[in-house]
Amino acid sequence: MNFTELKAFCLVANEGTLQHAAESLKLTPGAISLQISRLEAEIGIKLFQRTPNKLLLTDAGRTFLNQTQRLLQDFERGVTLVRGGNTGSIVVTSGNDMAQFLAPRIAAFLKDNPLVNMSILTRSSPESLGLVLEGKADFGIGKFSTLPRSISRIRLFTSGIVALYPKGHALSRIKQVSLRDLVGYGLIVLPQNSETRSVIEKVFWNHGLEMKKVLEAGGCSVIREYVELRLGVGLVHEICVRGKRGTLCIADVKRLFPQYDVVLIYRNDRPPGPLQKRFIEWISAGA
């Protein structure tokens, strides 16, 4: 039994095919199949039920998978530690409307840097700026209208607001949705204390229009769920629905609302060290 056999087993068990494991380990599917056959022969247990298109775990295979994954994780942490891997702490603060963008990137970063202790604080952009200025957070991520000279910024992406509604909705018959079109329907929006909500309300106010709010939701993913239940038209961040149309329609209304830059900020007198620079690279790659 060797590391490659165990790694191949876990990859196939999680994906169900030989191809993914072959690509990850830079081997052929045939070689992966041989690794698994050797492993089954060595431990005397049938780990997979072979089907024409997929490999399905047996009951014994599922039990073995749980133990093997923990073993490999401990092994990889040990290798990282003896090689002088990235260790330390990072404190990041951001608004809850950034979760859909940040969560996958932070999860990937922590998986690649298992010895890093990370704290994530949910705060409004002004509060995030204050925590960074006070030295209580290494980074702030969000939409900041103005920043003092003592703060550096790295732009992550530019986004805007889009309208979300079910297929067959009356808005789907309108080529270019306007503010007046939107006020004709109940709107599902982000919470009162979010910067995005403030921007949306200001635009309606400046045009002498009153929003008809039916729901407040804590994030764009929750708004999407309510829209799918046909409770109203959602106003969400473009970044949160990019490539996720599904059963819903998306109206591009970015021209109606100011677009914004989402940036990462830190103090000039606390420049990023090697660990912090690595974190910035992961977050920027996600953008």
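Visitor: Which residues have the most contacts inside the largest nonpolar core?

Guide: In soluble globular proteins, nonpolar side chains tend to be buried together. In this predicted model, the largest nonpolar core has 22 residues. Those with the most contacts inside it are Leu182, Leu187, Phe204, Leu235 and Phe257.

Visitor: Which elements each supply at least two residues of this core?

Guide: Among them are the strands β7 (161-166), β8 (187-189), β10 (233-237) and β11 (248-252).

Visitor: Which sense does each pairing take, parallel or antiparallel, for β3 with β4, β3 with β5, and β5 with β12?

Guide: β3 and β4 are parallel, over 7 bridges. Isoleucine 90 stands opposite methionine 118 in β4. β3 and β5 also run parallel, joined by 3 bridges. There, threonine 93 stands opposite glycine 140 in β5. β5 (residues 139-142) and β12 (residues 260-267) pair in the antiparallel sense over 3 bridges. Isoleucine 141 has leucine 264 in β12 as its bridge partner.

Visitor: Which residues of α6 are buried?

Guide: An α-helix has 3.6 residues a turn, so residues three or four places apart point the same way. In α6, the buried ones are Ser125, Ser128, Leu129, Leu131 and Val132. They cover an arc of only 160° around the axis, which puts them on the same side of α6. What covers them includes β3, β4, β5, β6, α8 and β12. After α6 comes glycine 135, with a positive phi near 80°.

Visitor: How many aromatic pairs are there?

Guide: A pair of aromatic rings is described by the distance of the centres and the angle of the planes. The count comes to 7 aromatic pairs. One of them joins phenylalanine 9 and phenylalanine 64, at 5.2 Å centre to centre with 55° between the planes, a tilted pair. Phenylalanine 9 lies in helix α1 (residues 3-15) and phenylalanine 64 in helix α4 (residues 59-82), so the pair ties together parts 55 residues apart in sequence. Phenylalanine 9 is buried, at 0% relative accessibility. Elsewhere, ring pairs link Phe109, Phe139, Tyr266, Phe279 and Trp282 into a cluster.

Visitor: One last residue. Is lysine 175 buried or exposed?

Guide: Lysine 175 counts as exposed, because its relative accessibility is 87% and the cut-off is over 50%. Lysine 175 sits in the loop between β7 and α7. The C-alpha atoms of lysine 175 and alanine 251 are separated by 8.9 Å, while the two residues are 76 residues apart along the chain.

Note on methods:
Residues numbered from 1 in each chain as written. Predicted model: local features only at pLDDT ≥ 70, side-chain atom pairs only at ≥ 80, totals over all residues. Heavy atoms only, no water. Core = buried A, V, L, I, M, F, W, Y, C linked by side-chain atoms within 4.5 Å. Buried < 20%, exposed > 50% of the residue type's maximum accessible area, 1.4 Å probe, protein only. Helix = DSSP H or I, 4+ residues; strand = E, 2+ residues; numbered from the N terminus. Pairing = 2+ DSSP bridges. Arc of directions from axis to C-beta. Contact = heavy atoms within 4.5 Å. Phe/Tyr/Trp six-rings, centres within 6.5 Å; stacked < 30°, edge-to-face > 60°.
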